Amino acid sequence: MKRGLLILCVLLSLGTEVLAQEPASAPEPEVEYYDFIEPSSVTGRRKRSAKERRAWRKHYRLVYNFNRVYPYALVGRKLMRQVDSTIEADHLDKGVRARYINDVEKELLRLFEQDIRKTTISQGFVLVKLVDRECGSTVYDIIKDYEGGFAAGFWNLVGKLFDQDLKSQYDPLDKDKDIEELVRIWDSGSWDEFYFEIFGKWPEKTVIVTDRLSTQSRRK
């Protein structure tokens, strides 16, 4: 029932490299700029160890990337529910359902193609985890449910070429506890202040063109 956002989830997760044969204009450096600043809220003069500096840089990148992609996970969940609701309400048979999903995919590409081109590999890694958290299925399982095991295995292999594991499951208590903490801060309404304390400026907002699809099911 999640086939409607298959292309959006997969392409955003993998980043710009698999979108088209011709590469987009040269992407901006990921977030190297932030590797050379200290959090604005830290005023101490103690020299940090190399391990501590690496940890801070990792944290900077995670916060920056989360700010960029979490809105897509949220709107993705809403669009999936709309697609599922339409399929159920209209009692679509196999053929009509296939045409409807195909039309949904075309609309998603039209709406989000430019966003896909701007997504980096590290942002895709965070999005893979957030898709599982918000939608209840890994990107791999979404593909497998609607495209079969061969297609899922193929896309998983492509993902590994770009350091992505589409089978990645969200683990809020261990591996993904840092992401879960960011979700908690976001949901609390204090995200802007939190971001400002780290980077010394307000977060750039990810603009979502719409949170509803115009595609309607069409029978013969």
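## The start and course of helix α3

In this predicted model, a side-chain oxygen of Asp-93 comes to within 3.2 Å of the backbone nitrogen of Gly-95, at the start of helix α3. The helix itself covers residues 94-118, and its 25 residues reach 35 Å from the first C-alpha to the last, which is close to the 36 Å expected at 1.5 Å a residue. Along its course, α3 bends by about 60 degrees, and the bend is found at Phe-112.

Phe-112 is also one of the buried residues of α3.

## The chain as a whole

The chain contains 8 helices and 0 strands, so that its pattern, read along the sequence, is α-α-α-α-α-α-α-α. Of the 220 residues in the chain, 44% are buried. When contacts between residues at least 6 apart in sequence are considered, 79% of them join residues that are at least 24 apart.

## Aromatic pairs around Phe-66

The structure holds 12 aromatic pairs. In one of them, Phe-66 and Tyr-70 are stacked, with 4.8 Å from centre to centre and 20 degrees between the planes. These two residues are 4 residues apart in helix α2 (residues 50-89), and therefore about one helical turn separates them. Both Phe-66 and Tyr-70 are buried.

Phe-66 also pairs with Trp-191, and because the ring centres are 5.2 Å apart and the planes stand at 50 degrees, this pair is tilted. Since Phe-66 belongs to helix α2 and Trp-191 to helix α8 (residues 191-199), the pair ties together parts that lie 125 residues apart in sequence. Phe-66 counts as buried because its relative accessibility is 0%, and Trp-191, at 4% relative accessibility, likewise counts as buried, the limit for this class being under 20%.

Phe-66, Tyr-70 and Trp-191 belong to a cluster linked by ring pairs, whose other members are Trp-56, Tyr-60, Trp-186, Phe-194, Tyr-195 and Phe-199.

A further arrangement involves a charge and a ring: the charged end of Lys-167 sits over the ring of Tyr-140, at 4.7 Å from the centre of that ring.

Notes. Residues numbered from 1 in each chain as written. Predicted model: local features only at pLDDT ≥ 70, side-chain atom pairs only at ≥ 80, totals over all residues. Heavy atoms only, no water. Phe/Tyr/Trp six-rings, centres within 6.5 Å; stacked < 30°, edge-to-face > 60°. Buried < 20%, exposed > 50% of the residue type's maximum accessible area, 1.4 Å probe, protein only. Lys NZ or Arg CZ within 6 Å of the ring centre and 35° of its normal. Expected span 1.5 Å × (residues − 1). Bend = angle between axes of the 7 residues up to and from the residue. Polar contact = N/O pair within 3.5 Å; in protein donor to acceptor, adjacent residues only side chain to side chain. Contact = heavy atoms within 4.5 Å.
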